[in-house]
Amino acid sequence: NPFWKSHFLGGFFLAGGFLLALGGAYLALGIFESENRFDLRMAGKFMVTALAVSLLEEWIFRGLLLDAVLRSSRTFIALFFVTFFFALVHFLKPPGIIDLNDADVKITTGFWMVGQIFIHFGNPVFIAAEFATLFAVGWVLGWARLRTSSLWLGIGLHSGWVFSYELYRYHTFMPKRYSAELFLPYIGTDLKSGLIPLAIVCLTGVVSAIWLYSRHRRH
């Protein structure tokens, strides 16, 4: 990809900029409040995390897996399957409120745990506020891979989202006067939950498409 630098940087600043702008709006409305002063060392740590996560996940999902599925499926079906799988695996963990003692573990405990992992998929609020946003993220990243025949735009977008999310989570908190379910399904407890973050992800994808079209048209 001869444009890998501009694709990476453009994706990073588009995704991170839109997400931090949303976070700034939350702060202005009083939904979140600032907590820690800006720490350059923590920002560097979040950048390393964002790069590591984006490089690994884009290589696995949009590199190996999408390429393998495209060999036997149409483009839309392959993109849908990989996007759905990408969103699904991020929720393959038991709820944090489960606390089992050794005496409670039985031969059927594993099957019960599987049920607990998937039980929240029956909640329409969870689908709208959590799963749909990750599905949109995966769709935009998959589209970027197909549109550019490269992983670099997806790596930029992915790292921009992760960096902004971690940076905002470290520096802000939701006041105790607001319950976790108060603003659902529109606003969650962080920048990746809710229909408004879903709209921001979709907007990022649209702007990325316009930017790519105008850039490649010049070339």
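Modeller: Helices here are DSSP runs of H or I with at least four residues, strands are runs of E with at least two, and both are numbered from the N terminus. Of the 20 residues of α6, 17 are buried, so this helix is largely enclosed by the rest of the structure. Buried means under 20% relative accessible area, exposed means over 50%, and partly exposed lies in between, with a 1.4 Å probe and protein chains only.

This is a predicted model, in which local features need pLDDT of at least 70 and side-chain atom pairs count only at pLDDT 80 or more, while totals for chains, interfaces and linings use all residues. Residues are numbered from 1 along each chain as its sequence is written, and side-chain values use heavy atoms, with hydrogens and water left out.

The loop between α5 (124-148) and α6 (152-171) contains S149. S149 has a positive phi of about 55° although it is not a glycine. Most residues other than glycine have a negative phi. With a relative accessibility of 62%, S149 counts as exposed.

L55, in helix α2, is partly exposed at a relative accessible area of 42%, and its C-alpha is 8.2 Å from that of S159, 104 residues away in sequence. L56, also part of helix α2, is partly exposed at 49% relative accessibility, and a C-alpha distance of 9.2 Å separates L56 from I155, 99 residues apart in sequence.

From α2 the view passes to α3. Helix α2 (residues 40-70) and helix α3 (residues 75-89) pack at an angle of about 145°, with axes 9 Å apart. These axes are lines fitted to C-alpha atoms over the stretch in contact, and angles run from 0 to 180 degrees between N-to-C directions. The crossing of the two helices is right-handed, a term that applies if the near helix is turned clockwise from the far one by less than a right angle. On the α2 side, E57, F61, R62, L65, L66, V69 and L70 meet T75, A78, L79, F81, V82, F85, F86 and V89 of α3, where contact means heavy atoms within 4.5 Å. By class, this contact holds 12 nonpolar, 1 polar and 2 charged residues; Ala, Val, Leu, Ile, Met, Phe, Trp, Tyr, Cys and Pro count as nonpolar, Asp, Glu, Lys and Arg as charged, and the others, Gly among them, as polar.

Helix α3 itself has 15 residues and reaches 21 Å from its first C-alpha to its last, close to the 21 Å expected. Its buried residues are A78, L79, V82, T83, F86, A87 and L88. T83 in α3 is buried, with a relative accessible area of 1%, and beyond its neighbours within four places in sequence T83 is in contact with F135, G138 and W139.

Further along, Y186 belongs to the loop between β2 (172-173) and α7 (195-218) and counts as exposed at 51% relative accessibility. Apart from neighbours within four places in sequence, Y186 is in contact with S193, G194, L195, I196 and P197. The C-alpha atoms of Y186 and L198, 12 residues apart along the chain, are 9.0 Å from each other.

For the chain as a whole, there are 7 helices and 2 strands, in the order α-β-α-α-α-α-α-β-α from the N terminus. Of its 219 residues, 41% are buried. Among contacts between residues at least 6 apart in sequence, 80% join residues at least 24 apart. The accessible surface comes to about 12,500 Å², with 67% belonging to carbon and sulfur atoms; such areas come from the Shrake-Rupley method with a 1.4 Å probe, and for residues only the protein chains shown count as cover.

Terms used
The expected span of a helix is 1.5 Å times one less than its number of residues.
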